[in-house]
Amino acid sequence: MSRRVLLLLFALLPTAVLAAPKGAELFSQHCAVCHGEEGRGGVGTPLALESFLAGVSDEYLAKTIRYGRPGRVMPAFRTLSDAQVGAIVAHVRGWSDSPAPAEDPTPVAGDPVRGAELFAAHCASCHGAGGEGGHGTGVTFSRARDLPIIPPALNNPGFLAAASDRMIRATIANGREGTPMLGFGELLSAAEIDAVTSFIRSLQHQVEFPDKS
């Protein structure tokens with residue numbers, strides 16, 4: 001590499017450093033009003049829970065920022081650059097000492113018909129008969145911030161675009177410590193959890209997915 005090229009790279013380095021997006025500032029600007037400055041939740045769900053961060057990949061977080069939750073308070077941040085989204089994800093990940101789980105796109109093969117029956121018996125009381133979520137999910141700023149987390153909508157196109165089958169399955173099996181979401185790993189068999197997962201995935205045929213372009 002020539003001396004001239006090296007001098008040019010060093011000259012550009014301060015600009016590149018200054019231009020690097022800062023996740024904490026971006027989170028404060030775009031996310032904290034709902035999720036809290038320290039990710040403890042409010043109108044939005046708490047993001048700093050160890051049980052949450054241990055169960056979601058960085059890809060899930062990035063897609064959630066990109067796609068949002070159509071019809072809910074959570075908007076789609078399509079104008080942020082990939083670097084800005086990555087900086088926010090890194091900031092959120094910094095609330096956990098555990099490494100980010102790897103994204104596993106392998107589909108879960110279960111019986112969605114049986115899954116619908118199990119969902120009605122074990123999940124609908126919180127998430128709604130059609131997976132529409134608990135009453136008031138993401139639609140009001142008046143909800144008291146010390147109330148329990150309202151169950152999310154599982155038929156939401158943004159959720160279904162971001163969540164992998166494996167993430168959904170693990171959440172059903174393990175629950176979310178610190179939230180009302182119980183783990184069903186000891187109540188349901190592996191095949192039954194696969195069935196519920198497949199039923200939730202089948203809800204994507206009932207909603208319009210956000211444009212991923």
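Q: What should I know about the model and its numbering before I start?
A: Residues are numbered from 1 along each chain as its sequence is written. The model is predicted, so local features need pLDDT of at least 70 and side-chain atom pairs count only at pLDDT 80 or more, while totals for chains, interfaces and linings use all residues; side-chain values use heavy atoms, with hydrogens and water left out.

Q: How many helices and strands does the protein chain have?
A: Helices (H or I, at least four residues) and strands (E, at least two) are DSSP runs, numbered from the N terminus. Here the protein chain has 11 helices and 0 strands. Along the sequence, the pattern reads α-α-α-α-α-α-α-α-α-α-α.

Q: How do I read burial, and what share of the residues counts as buried?
A: Buried means under 20% relative accessible area, exposed means over 50%, and partly exposed is in between, with a 1.4 Å probe and protein chains only. Of the 213 residues of the protein chain, 40% count as buried.

Q: Is Thr171 buried or exposed, and what does Thr171 touch?
A: Thr171 sits in helix H10, residues 165-174. Thr171 counts as buried because its relative accessible area is 14%. For touching, the general idea is a contact: heavy atoms within 4.5 Å. Leaving aside residues up to four places away in sequence, Thr171 touches Arg176, Met181 and Leu182.

Q: What share of the contacts in the protein chain joins residues 24 or more positions apart?
A: Among contacts with a separation of 6 or more, 67% come from residues 24 or more positions apart.

Q: How do I read the packing of two helices, and at what angle do H5 and H6 pack?
A: Axes are lines fitted to C-alpha atoms, for helices over the stretch in contact, and angles run from 0 to 180 degrees between N-to-C directions. Helix H5 (residues 58-67) and helix H6 (residues 82-93) pack at an angle of about 125 degrees, and their axes are 10 Å apart. Angles under 35 degrees count as roughly parallel, over 145 as roughly antiparallel, 65 to 115 as roughly perpendicular and the rest as oblique. H5 and H6 are therefore oblique to each other.

Q: Which residues make the contact of H5 with H6?
A: From H5 come Asp58, Leu61, Ala62, Ile65 and Arg66, and from H6 come Asp82, Val85, Ile88, Val89, Val92 and Arg93. To sort them, Ala, Val, Leu, Ile, Met, Phe, Trp, Tyr, Cys and Pro count as nonpolar, Asp, Glu, Lys and Arg as charged, and the others, Gly among them, as polar. The contact of H5 with H6 then divides into 7 nonpolar, no polar and 4 charged residues.

Q: Which residues of H5 are buried, and what do they pack against?
A: Tyr60, Leu61, Thr64, Ile65, Arg66 and Tyr67 are the buried residues of H5. Their packing partners are helix H4 (50-53), H6, helix H9 (157-162) and H10. After H5 comes Gly68, with a positive phi near 65 degrees.

Q: How do H2 and H6 pack?
A: Helix H2 (residues 23-30) and H6 pack at an angle of about 95 degrees, with axes 8 Å apart. H2 and H6 are therefore roughly perpendicular to each other. In this contact, Gly23, Ala24, Leu26 and Phe27 of H2 meet Gln84, Ala87, Ile88, His91 and Val92 of H6. These residues divide into 6 nonpolar, 3 polar and no charged.

Q: How many salt bridges does the structure hold?
A: A salt bridge is a side-chain nitrogen of Lys or Arg within 4 Å of a carboxyl oxygen of Asp or Glu. The structure holds 7 salt bridges. One of them joins Glu38 and Arg40, whose closest N and O atoms are 3.0 Å apart. Glu38 is partly exposed at 48% relative accessible area, whereas Arg40 counts as exposed at 66%.

Q: Which parts of the chain does the pair of Arg114 and Glu192 link?
A: The side chains of Arg114 and Glu192 meet in a salt bridge at 3.5 Å, N to O. This pair links distant parts of the chain, with Arg114 in helix H7 (residues 112-122) and Glu192 in helix H11 (residues 190-202), 78 residues apart. Arg114 is partly exposed at 33% relative accessibility, and Glu192 is partly exposed at 21%.

Q: Are Arg201 and Asp165 buried or exposed?
A: Arg201 and Asp165 form a salt bridge at 2.6 Å, N to O. Arg201 lies in helix H11 and Asp165 in helix H10, so the pair ties together parts 36 residues apart in sequence. Arg201 counts as buried at 16% relative accessibility, and Asp165 counts as buried at 9%. Elsewhere, salt bridges that share partners join Arg114, Glu117 and Glu192 into one network.
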